[in-house]
Amino acid sequence: MKKMLCCIVIVFLSMTFSLSLSAAKPQGSALSYLPKMPTGDAISLGLETSPEYSRSSWAVNTLTSEQITDVSDIKYGASIIGATGLERTVRGATDGVWSKGNTGVVLENGKKAGGALSWYPSGQKYNVQGQVSQSDSIYISLLTYNFGKKMRFDAFLFMSTNLNSFPQAGDVYVSDDGISWTLMGSWDRCALRLEGKDYQNLGQLSDVLNDYSDNSVGWSLDGAVAQYIRFAFTKGNGLSTGNGTYDGFANPDTSAINFRELVVFGTDYESPASSNTTAPDTTESLTTDSDTSSTEDLSTTSEDTGNRSKKSANIITCLLILVIFLATITTVILTRKFKKGH
Ligand SMILES: [Ca+2]
């Protein structure tokens, strides 16, 4: 009887352990990649930003310490921690002018600053709170949008000239106070490319015409509700060709971060529009106006497939444990009956 109880306890413990492993969402799990262009409102447009930029030289260490403090102050709508040289104003990300259009800022050389956002990381590493020299200081720069009130985040989208022109890997955090941050998940194109895969180019927003923002890639934020969203970059821009190693794909441009737009889609959580909360807004949908022939192919991404196979593996593990459990009980009962029979 004691043996039987022992067996049952052991099997139950292993089942519980296995189930708890499969239920826990791992830290830094892959964000769900968008299979098509998000619809709805681009809520990050129009946020306040610092007016600072690095003037015309596009050189490292062109921001003064005062300017660095200014662009990293999260009281602003959009802010960057870990920038030493800005090619253009931070406003490039939130001005609603799609990249090629100018920001209205006249540079020292007389040219108007473009709408894109490019900067040199400081060379230091930061944790999500923006602190250097901590055990978790792994980020080369942090870009933060403070919406000033709670918003519901549906998705975010990099718009670019090509898929190398955005930070190739990073984590996304949300916060209600700008101090305590919750990890939403990660993206890593470098790792994906080493598997021989890549993100699908979602094309161009339908209202972005005659512009360089004709490539895009985006991820779901699953309706997370928060006031702040922080993009914490671990990698800079990618290579157009790689040598097959992680570093070859990942590190050539870690000295620079450059993308045309980083747009957050969502809704106002505290006073949502009365008709927009349940159904997608078709009248203002920002769908791509080209390449409808392959939309079916985009319904499954490699990350979706990966998540599914993980779930399948967990289910198989649980079933195996159940079978072992039942077999153990049967064996014990049969053994006892056999002994009693003698
Ligand atoms: Ca812009």
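The model is predicted, and local features are taken only where pLDDT is at least 70, side-chain atom pairs only at pLDDT 80 or more, while totals for chains, interfaces and linings use all residues. Residues are numbered from 1 along each chain as its sequence is written.

**Overall composition**

The chain has 5 helices and 11 strands, where helices (H or I, at least four residues) and strands (E, at least two) are DSSP runs numbered from the N terminus. Of the 342 residues, 36% are buried, a residue being buried if 20 or more other C-beta atoms lie within 10 Å of its own, exposed if 12 or fewer, and partly exposed in between, with C-beta atoms placed from the backbone. Two residues are in contact if their C-beta atoms, placed from the backbone, lie within 7 Å; among contacts between residues at least 6 apart in sequence, 73% join residues at least 24 apart.

**Strand pairing**

Two strands are said to pair if DSSP finds at least two bridges between them.

| Strand pair | Bridges | Sense |
|---|---|---|
| β1 and β6 | 4 bridges | antiparallel |
| β2 and β5 | 3 bridges | antiparallel |
| β6 and β9 | 15 bridges | antiparallel |
| β7 and β9 | 6 bridges | antiparallel |

Three strands form an open antiparallel sheet in the order β2-β5-β10. Because β2 (83-86) and β10 (257-259) stand at the edges, each with a single partner strand, one side of each has no neighbour in the sheet. The twist from one strand to the next averages 25°, with axes being lines fitted to C-alpha atoms, for helices over the stretch in contact, and angles running from 0 to 180 degrees between N-to-C directions. Within this sheet, Gly85 stands opposite Tyr120 in β5.

**The nonpolar core**

A nonpolar core is a set of buried Ala, Val, Leu, Ile, Met, Phe, Trp, Tyr and Cys residues joined through C-beta atoms within 7 Å. The largest one holds 61 residues, of which Ile80, Ala83, Phe156, Leu262, Val263 and Val264 touch the most other members. Strand β6 (residues 141-160) gives the most to this core, with 10 residues. Not counting residues up to four places away in sequence, Val264 touches Ile43, Ser44, Tyr145, Phe153, Phe156 and Ile229.

**Two buried positions**

Phe231 lies in strand β9 (residues 215-233) and counts as buried because it has 21 C-beta neighbours inside 10 Å. Apart from neighbours within four places in sequence, Phe231 is in contact with Leu143, Gly170, Val172 and Leu262. The C-alpha atoms of Phe231 and Ser141 are separated by 8.4 Å, although these residues are 90 apart along the chain.

Ala116, by contrast, is placed in the loop between β4 (112-114) and β5. With 25 other C-beta atoms within 10 Å, Ala116 is buried, and its C-alpha atom is separated by 7.1 Å from that of Arg88, 28 residues apart along the chain.
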